[in-house]
Amino acid sequence: MPRSASLRWFGLACLVVVLDQVSKHAVRQALAFGQSVRVTSFFDLVLVFNPGAAFSFLSDASGWQREFFVCVALLASGFVSYLIVRHRGKVLFSFALALILGGALGNLVDRVVFGAVVDFLHFHVAQYYWPAFNLADSAITCGAALLIWESFFDRQPRRGPAEPTGRQ
């Protein structure tokens with residue numbers, strides 16, 4: 001498959017970044033920091049800034065986590081990009097990686113611009129609350145789930161270390 005075929009996967013990643021950033025911009029314009037608007041009995045729109053990782057991991061650290069998470073996102077994005085180019089013909093695999101890449105880059109933009117990730121989707125049931133998240137987080141989660149799904153149904157034969165390669 002030609003290298004240009006991977007452009008569709010990078011295009012999907014760019015679409016995820018754009019949708020993520022547009023949604024975050026709209027929420028930043030509509031809500032004040034910490035404000036919450038009830039949408040349904042189980043869902044609110046909120047505006048919070050998360051300087052940590054998923055579920056606010058390391059959010060109360062002394063500030064070093066910003067550069068750490070920027071570096072992790074850059075390294076992970078480079079590796080995922082390599083995998084997309086290398087496996088561009090594997091549709092589900094590449095689709096999942098594109099979602100992950102777009103989500104990682106969407107949150108990276110926030111870290112660079114704001115020093116924290118903008119979160120605004122907040123689900124709850126009774127007194128139980130799920131941590132707020134955003135579209136980039138959703139794309140990363142869906143991409144990871146698709147990778148797990150794909151790993152169960154990938155029908156390509158794998159060559160073990162002891163199997164001959166056909167070369168002599």
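# Notebook: sheet, helices and aromatic pairs

I began with β3: seven of its nine residues are buried, so this strand is largely enclosed by the rest of the structure. Buried is taken as under 20% relative accessible area, exposed as over 50%, and partly exposed as in between, with a 1.4 Å probe and protein chains only. Strands (E, at least two residues) and helices (H or I, at least four) are DSSP runs, numbered from the N terminus.

I note that this is a predicted model, in which local features need pLDDT of at least 70 and side-chain atom pairs count only at pLDDT 80 or more, while totals for chains, interfaces and linings use all residues. Residues are numbered from 1 along each chain as its sequence is written, and side-chain values use heavy atoms, with hydrogens and water left out.

**Overall layout.** I looked up the secondary structure and found four helices and four strands. Along the sequence they follow the pattern α-β-β-α-α-β-β-α. Of the 168 residues in the protein, 36% are buried. I also checked contacts, meaning heavy atoms within 4.5 Å. Among those between residues at least 6 apart in sequence, 65% join residues at least 24 apart.

**The sheet.** The four strands make an open sheet in the order β1-β2-β3-β4, with antiparallel pairing. Two strands pair here if DSSP finds at least two bridges between them.

I then went through the pairs in order. β1 and β2 run antiparallel and are joined by four bridges; they form a hairpin with two residues between them. Threonine 40 stands opposite phenylalanine 43 in β2. β2 (residues 43-50) and β3 (residues 117-125) pair in the antiparallel sense over six bridges. Phenylalanine 43 has phenylalanine 123 of β3 as its bridge partner, and leucine 45 has leucine 121 of β3.

Helix α3 (residues 91-114) packs on the sheet and touches β2 and β3; its direction makes about 120° with that of β3. For such angles, axes are lines fitted to C-alpha atoms, for helices over the stretch in contact, and the values run from 0 to 180 degrees between N-to-C directions.

The last pair is β3 with β4, antiparallel over two bridges. Valine 125 is bridged to tyrosine 128 in β4.

**Alanine 126.** I looked at the hairpin of β3 and β4, which has two residues between the strands. Alanine 126 is in the loop between these strands. Its phi is near 55°, a positive value in a residue other than glycine. Most residues other than glycine have a negative phi. Alanine 126 is exposed, with a relative accessible area of 60%.

**Valine 118.** I picked this residue from β3. Valine 118 counts as buried because its relative accessibility is 0%. Leaving aside neighbours within four places in sequence, I list its contacts as Lys24, Arg28, Leu47, Val48, Phe49, Asp110 and Asn134. Valine 118 and phenylalanine 33 are 85 residues apart along the chain, and their C-alpha atoms are separated by 10.0 Å.

**α1 against α4.** The axes of helix α1 (residues 7-30) and helix α4 (residues 135-153) come within 8 Å and cross at roughly 145°. From α1 the contact uses Val16, Leu19, Asp20, Ser23 and Lys24, and from α4 Leu135, Ala136 and Ala139. I sorted this contact by class: five nonpolar, one polar and two charged residues. In that scheme Ala, Val, Leu, Ile, Met, Phe, Trp, Tyr, Cys and Pro are nonpolar, Asp, Glu, Lys and Arg are charged, and the others, Gly among them, are polar.

Valine 16 counts as buried, as its relative accessibility is 11%. Not counting residues up to four places away in sequence, valine 16 touches Leu99, Gly102, Gly103 and Ala139.

**Rings.** I counted ring pairs of Phe, Tyr and Trp (its six-membered ring) with centres within 6.5 Å; planes under 30 degrees apart are stacked, over 60 edge-to-face and the rest tilted. The count by this rule is eight aromatic pairs. Phe42, Phe43, Phe123 and Phe133 form one aromatic cluster.

Lastly, I checked for charges over rings, with NZ of Lys or CZ of Arg within 6 Å of the ring centre and within 35 degrees of the ring normal. Lysine 90 lies over the face of phenylalanine 93, 4.9 Å from the ring centre.
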